[in-house]
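Biologist: I would like to go through some labels attached to this model. Please set each value against its definition.

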Amino acid sequence: MNVGMYHVTNNTLSKTSASMTIDSLTVRGLKYDNALNKYVYVDSVLYNNAKSLSKINLPLQSFESTSVYEIVFNATVTTPNVLTNKDDIIIYKNKKDTFTVAHQNMDKYLSLECGSIKIHSVDTVLTTNNFIDSVRITKRQVNNINVENIKIYK
């Protein structure tokens, strides 16, 4: 699943969004542990303090209907200030959000030689909104075609 980062700028006449580069980003998978009654880390780190990213690729669970991630953002956001005619600079350090994607999993038959591939359909995306303001699903179908599926807005 491909996820893009965007920043929304409000001015007196309109709202605009533009691609946003995150200074550094760490992403880990989470899975609910019934015995502990809480989410625990899955054994891998998907992005470990990765620098200067505006897009990330996240794998979806093939045998579960929900995929959950912990995303830690370090970012500098520049916003025009119409009162001072200068830019406001806000620095975010270690802002942590939980990013939950509800999806359906389906097998798509390719051929006798290749077998099938797993494709997904994104139903809902939820977030804790510590750094992330909102999300938008742009393309629900997740397959082997490289397109942006979700937009994260700050």
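**Labels and their cut-offs**

Modeller: Asp133 has a relative accessibility of 47%, so Asp133 counts as partly exposed; buried means under 20% relative accessible area, exposed over 50%, and partly exposed in between (1.4 Å probe, protein chains only). This is a predicted model, in which local features need pLDDT of at least 70 and side-chain atom pairs count only at pLDDT 80 or more, while totals for chains, interfaces and linings use all residues. Residues are numbered from 1 along each chain as its sequence is written, and side-chain values use heavy atoms, with hydrogens and water left out.

Biologist: What makes the contact of Asp133 and Lys154 a salt bridge?

Modeller: The term requires a side-chain nitrogen of Lys or Arg within 4 Å of a carboxyl oxygen of Asp or Glu. For Asp133 and Lys154 the N to O distance is 3.7 Å, so the pair qualifies. Asp133 sits in the loop between E8 and strand E9 (134-137) and Lys154 in the segment after strand E11 (148-153), so this pair ties together parts 21 residues apart in sequence. Strands (E, at least two residues) are DSSP runs numbered from the N terminus.

Biologist: Why is Asp107 called exposed?

Modeller: The relative accessible area of Asp107 is 54%, and exposed means over 50%, so the label applies. Asp107 forms a salt bridge with Lys118, the closest N and O atoms being 3.1 Å apart. Lys118 has a relative accessible area of 28% and is therefore partly exposed.

Biologist: How many salt bridges does the structure hold?

Modeller: The structure holds 4 salt bridges.

Biologist: What makes E3 and E4 a pair of strands?

Modeller: Two strands pair if DSSP finds at least two bridges between them. Strand E3 (residues 22-33) and strand E4 (residues 38-53) have 9 bridges in the antiparallel sense, so they pair. Leu30 has Tyr41 as its bridge partner in E4. E3 is also joined to E6 by 7 bridges, and these two run antiparallel; in E6 the bridge partner of Leu30 is Val68.

How values were computed: Helix = DSSP H or I, 4+ residues; strand = E, 2+ residues; numbered from the N terminus.
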